[in-house]
Amino acid sequence: LTAYIEPINQTDWEQRPLPVRDGPSTKKTLFGVSYPNLHSCRAMQSQFPIDTPPVDLDSYLPWIHDVFPSHDGKDIIFIAQNRRRCYNGQRRMQMGEKAPDGVTTHKNYIHIDYGKNYFQRPQSALFQHVPVKKIGEEDGEPRYRLASHEDADKEGMETRFICRFKLFDSSASPNLSIVGYSLSAHEVDYDYHTYRKGYRYSATEAGFDNHMIWQSQLLFRCPVPEEYHNKVSRGELVVNDYATLYVDVVPIRTPPRYTPPREFLQPRYEFKNEIDNLFVPDFEWGKEHVLPKIDQSGRWENIPVCLPSLMNHGLLPEGADINEQDVIVENDADGKYVPFSGVLPPKIHKVIACTWASTTFRTRSNRASVGDGKRRLKEWLEFNLLSGFDHIYVYDNS
């Protein structure tokens, strides 16, 4: 596992259109940070560099805490956190105290570590989608440029990372060969969530947004090349606890959007309300903003693709197809549960989450009417299934 660090000049964000990063020049500035202690699929969560992340050197890299394949082998799921929130601690300014040059205050409060808070601003951009258009290939690698929604490809309409898959073969030379590329997708539409919550901005330039808790956890996925779906789902690409399939994650580096989310919502939302300050990609990014090649970009490289969660925790045999299993025994308690025996059964679940849902309801003080309860419940269920919950109970008291 290696992180390639790319220096960031946030003053470039002030230019319109956004300056294009020159690939060969950028490649010369990259330096790698290796993590040789990651050498076990089953222990990956404890071995991943969470406490010493490269995000502190390159804040466009996602602060990854966990990664695992979906049960069907079609996606690699990433669980990351917003590193900037670690530096959102605030203190009240003393009487007569002046803020340092360039530092923004809020209601007479200032960040305790405003330098790191400023440096971590790119973390906010990772929660926002960016449209791209494929313009061709070079040596088998797809090349992309930033685009508007109208000009973007369907699979590039709302992405943030380029994903590159590699296969390890000890008998080949070189040992690692590239087997496919894909574009990431967010598991949650954070901008739309902000809009539905009634907040004006998804993130603020000054960083006084700790109360927006949905901007804490970053969930995204990288689609796996189709020819590897079955092998990934059955765990066939993990040999003796060692991965043979790897994925590189390359962030698409655009500044955070500090405009209201509704001004750049995807066409699928069919948003038709009045727009005040429309975000115009052709003006912000230009029409010819081509992204550098992967090896010329800061990135996570060689993230191991390990077993699906149920196999990794011993709840499903390696090589088995989950769709062919009649019952997945969670532990001995499942088999010991006997209703009406007069003896209380042991607890069979370790973590429990619950939610209240209604098709329609009104918020406090009748401030707003919400009529998409079904869609929101489905999203909540999908989120918790991705987080590792595997039992769902529905109580209907209508």
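**Reading the labels**

Mentor: Gladly! Let us start with C163, which counts as buried because its relative accessibility is 0%, and buried means under 20%. Do keep in mind that this is a predicted model.

Trainee: What makes C222 buried or exposed?

Mentor: C222 has a relative accessible area of 0%. The limit for buried is under 20%, so C222 is buried.

Trainee: Why are C163 and C222 called a disulfide?

Mentor: Look at the sulfur atoms of C163 and C222, which are 2.0 Å apart. A disulfide needs a pair of cysteine sulfur atoms within 2.5 Å, so C163 and C222 form one. The link is left-handed, with -65° about the S-S bond. It connects distant parts of the chain, with C163 in strand β9 (residues 161-168) and C222 in strand β12, 59 residues apart.

Trainee: How many disulfides does a search of the whole structure find?

Mentor: The search finds 2. C41 and C306 also form a disulfide, with their sulfur atoms 2.1 Å apart, and the cut-off is again within 2.5 Å.

Trainee: Why is the disulfide of C41 and C306 given a handedness, and which one?

Mentor: The torsion about the S-S bond of C41 and C306 is about -80°, so this disulfide is left-handed. C41 sits in the loop between β2 (31-34) and α2 (44-47), and C306 in the loop between β16 (299-304) and α8 (309-312), so the pair ties together parts that are 265 residues apart in sequence. C41 and C306 are both buried. Counting bonded cysteines along the chain, the disulfides follow the pattern 1-4, 2-3.

Trainee: What joins β3 to β4?

Mentor: Strand β3 (residues 63-69) and β4 are joined by 6 bridges and run antiparallel. Here V67 stands opposite F78 in β4. The hairpin of β3 and β4 has 5 residues between the strands, and G73 takes a positive phi near 75° there.

Trainee: Why is β4 described as mostly covered?

Mentor: Count its residues: in strand β4 (residues 75-81), 6 of the 7 are buried.

Trainee: Now a helix. What makes T194 buried or exposed?

Mentor: T194, found in helix α5 (residues 190-197), has a relative accessible area of 0%. Buried means under 20%, so T194 is buried. Leaving out residues up to four places away in sequence, T194 touches Y199, Y201, S202, M212, W214, Q215 and P261.

Trainee: How many cavities of 30 Å³ or more are there?

Mentor: The count is 3. The largest cavity holds about 80 Å³ of space. Its lining includes S202 and Q215, and by class has 1 nonpolar, 5 polar and 3 charged residues.

Trainee: What lines the second largest cavity?

Mentor: The residues are R21, I162, V250, P251, I252, L291, P292 and S297. They divide into 6 nonpolar, 1 polar and 1 charged, and the volume of this cavity is about 50 Å³.

Trainee: And what makes up the lining of the second largest pocket?

Mentor: That pocket is lined by 28 residues, of which Q10, W13, R121, E205 and Y258 lie nearest its centre. The residues divide into 12 nonpolar, 9 polar and 7 charged. The largest share, 4 residues, comes from α3, and β6 (109-111) and α3 (114-119) each supply at least two. About 610 Å³ of space lies in this pocket.

Note on methods:
Residues numbered from 1 in each chain as written. Predicted model: local features only at pLDDT ≥ 70, side-chain atom pairs only at ≥ 80, totals over all residues. Heavy atoms only, no water. Buried < 20%, exposed > 50% of the residue type's maximum accessible area, 1.4 Å probe, protein only. Pairing = 2+ DSSP bridges. 1 Å grid on protein atoms, 1.4 Å probe; cavity = no way out; pocket = protein on both sides within 12 Å on 5 of 7 lines; lining within 4 Å. Points joined across faces, edges and corners; volume = space filled by probe spheres on them. Nonpolar A, V, L, I, M, F, W, Y, C, P; charged D, E, K, R; others polar. Contact = heavy atoms within 4.5 Å.
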